[in-house]
Amino acid sequence: MCNKRSVTAAEEVGSIYQEFCLLKHTLDHQHMIRCVTMLHSQSHVHLVLQYGGDACMEQLLSTQPGCRLSRDDALHCTTQVASALSYCHAIDVSHGQVSPWHVWVEMARNRLVCRLVDFSMAARVQYVSTRKTLCGALPCVALETALKEPYWPKPAACWSLGVELLEAIGGQGPLELSVRWRRGASLAQAALETLELFAQAGSHAQAMASMGGAHDDAALACLEALPRPEPLRSANASDVVEVLSARRVQAARFGSDERGEEHLSSGLPPNNGEESGHDVVVHIPAQRRPRRTAASVAPLLGPRPYSLPCW
């Protein structure tokens with residue numbers, strides 16, 4: 001729902017119409033919300049959407065022991081979101097603000113079904129194109145985005161997906177606890193401090209264990225493939241799906257859940273590999289941009305707040 005009085009610029013009207021067109025006519029994926037129709041009155045515009053789920057991922061985590069999911073549940077949910085991103089990227093659509101608030105979860109037949117929602121900041125971009133629009137908020141906003149630099153939207157989405165996995169497997173707030181952002185610091189300053197953290201060896205394991213001491217080799221391997229201090233030019237969400245699916249198969253065959261036999265109250269069983277069909281690990285290409293240093297990004301620090309306005 002959108003109040004018409006709050007829409008004062010042509011860009012805002014275009015954003016509403018673009019989201020409607022994407023969800024109604026362009027995007028069609030089982031792990032993505034769909035728009036049924038648009039309704040409007042004298043004061044409001046309504047997008048009538050399909051049922052997204054019982055709660056967003058952020059709300060779901062707050063109800064779980066330790067505010068986190070089991071390893072199998074976390075990898076299962078992240079794989080679904082990654083498949084939705086892969087579909088978007090294949091048709092050159094960038095979501096722009098992947099986060100636990102924009103992933104809704106439904107308990108369906110004793111399984112978790114995740115759907116990516118809110119395409120108000122989405123954009124059509126070619127893989128070789130960069131974007132300058134600041135979208136998203138801490139802790140999931142990609143570093144290149146927060147530093148107000150031109151960035152590749154698809155690798156940036158993989159960073160945000162990695163933070164979403166970190167929240168699901170490590171508990172709510174592990175990145176904030178690891179980095180210890182200073183109150184009142186700008187968004188760019190917080191990104192710089194995050195960059196310094198992930199430039200250190202063992203930082204992914206440190207972040208995952210910062211809340212409740214969580215540790216799991218399969219989940220850690222997935223985390224190390226996603227939030228990286230050097231954005232990958234040729235990385236895309238389909239590579240992430242391959243990695244996550246293969247790691248789920250490996251974990252089901254050789255590893256026990258770090259939280260023992262306890263799973264989400266939905267009763268989600270460990271994946272046995274039959275659903276994904278991936279039996280090998282596919283490595284994400286290693287072409288990288290030059291590592292950023294404090295000197296190279298210091299001039300970009302400015303008085304930007306943590307949260308950016310999102311439609």
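**Exercise 1. The aromatic pair**

Task: Find how many aromatic pairs the structure holds, and decide how the rings of tryptophan 159 and phenylalanine 198 are arranged.

Solution. 
- Step 1. This is a predicted model. The structure holds one aromatic pair.
- Step 2. The ring centres of tryptophan 159 and phenylalanine 198 are 5.4 Å apart. Rings pair if their centres lie within 6.5 Å.
- Step 3. The planes of the two rings stand at 80 degrees, so the pair is edge-to-face. The cut-off for edge-to-face is over 60 degrees.
- Step 4. Now place the partners. Tryptophan 159 sits in helix α5 (residues 153–170), and phenylalanine 198 in helix α7 (residues 187–198).
- Step 5. Check burial. Both tryptophan 159 and phenylalanine 198 are buried.

**Exercise 2. Helix α5 against helix α9**

Task: Work out whether α5 and α9 run roughly parallel or roughly antiparallel to each other, and describe their contact.

Solution. 
- Step 1. Take the geometry. α5 and α9 (residues 217–224) pack at an angle of about 155 degrees, and their axes are 9 Å apart.
- Step 2. Compare with the cut-off. Angles over 145 degrees count as roughly antiparallel. α5 and α9 are therefore roughly antiparallel.
- Step 3. List the contact. From α5 come Gly162, Leu165, Leu166 and Ile169; from α9 come Ala219, Cys222 and Leu223.
- Step 4. Sort by class. The contact of α5 with α9 has six nonpolar residues, one polar and no charged. Gly counts as polar.

**Exercise 3. How enclosed is α9?**

Task: Decide how far α9 is enclosed by the rest of the structure, and name its buried residues.

Solution. 
- Step 1. Name them. Ala218, Ala219, Leu220, Ala221, Cys222 and Leu223 are buried in α9.
- Step 2. Draw the conclusion. Six of the eight residues of α9 are buried, so the helix is largely enclosed by the rest of the structure.

**Exercise 4. Helix α3 against helix α5**

Solution. 
- Step 1. The axes of α3 (residues 71–90) and α5 come within 9 Å and cross at roughly 165 degrees.
- Step 2. On the α3 side, the contact uses Arg71, Ala74, Leu75, Thr78, Val81, Ala82, Leu85 and His89. On the α5 side, it uses Lys154, Ala157, Leu161, Glu164, Leu165, Ala168 and Ile169.

**Exercise 5. Two residues compared with the cut-offs**

Task: Classify glutamate 193 and tyrosine 51 as buried, partly exposed or exposed, then list their contacts beyond four places in sequence.

Solution. 
- Step 1. Glutamate 193 is in helix α7. Its relative accessibility is 11%, so glutamate 193 counts as buried. Buried means under 20%.
- Step 2. Beyond its neighbours within four places in sequence, glutamate 193 is in contact with Val179, Arg180, Trp181 and Arg182.
- Step 3. Tyrosine 51 lies in the loop between β3 (44–49) and β4 (55–56). At 49% relative accessibility, tyrosine 51 counts as partly exposed. Exposed means over 50%.
- Step 4. Leaving aside neighbours within four places, tyrosine 51 is in contact with Ile33, Glu106 and Arg115.
- Step 5. Tyrosine 51 and isoleucine 33 are 18 residues apart in sequence, and 7.7 Å apart in space from C-alpha to C-alpha.

**Exercise 6. Backbone features in loops**

Task: Locate a cis peptide bond, and find residues with positive phi that are not glycine.

Solution. 
- Step 1. The peptide bond from leucine 138 to proline 139 is cis, with omega near 5 degrees. Proline 139 is in the loop between β8 (123–124) and α4 (143–146).
- Step 2. Arginine 109 has phi near 50 degrees, a positive value in a residue other than glycine. It is in the loop between β6 (103–108) and β7 (111–116). At 81% relative accessibility, arginine 109 counts as exposed.
- Step 3. Lysine 148 is not a glycine either, and its phi is positive, about 60 degrees. Lysine 148 lies in the loop between α4 and α5.

Note on methods
Residues are numbered from 1 along each chain as its sequence is written. This is a predicted model: local features need pLDDT of at least 70, side-chain atom pairs count only at pLDDT 80 or more; totals for chains, interfaces and linings use all residues. Side-chain values use heavy atoms; hydrogens and water are left out. Rings of Phe, Tyr and Trp (its six-membered ring) pair if their centres lie within 6.5 Å; planes under 30 degrees apart count as stacked, over 60 as edge-to-face and the rest as tilted. Helices (H or I, at least four residues) and strands (E, at least two) are DSSP runs, numbered from the N terminus. Buried means under 20% relative accessible area, exposed over 50%, partly exposed in between (1.4 Å probe, protein chains only). Axes are lines fitted to C-alpha atoms, for helices over the stretch in contact, and angles run from 0 to 180 degrees between N-to-C directions. Angles under 35 degrees count as roughly parallel, over 145 as roughly antiparallel, 65 to 115 as roughly perpendicular and the rest as oblique. Contact means heavy atoms within 4.5 Å.
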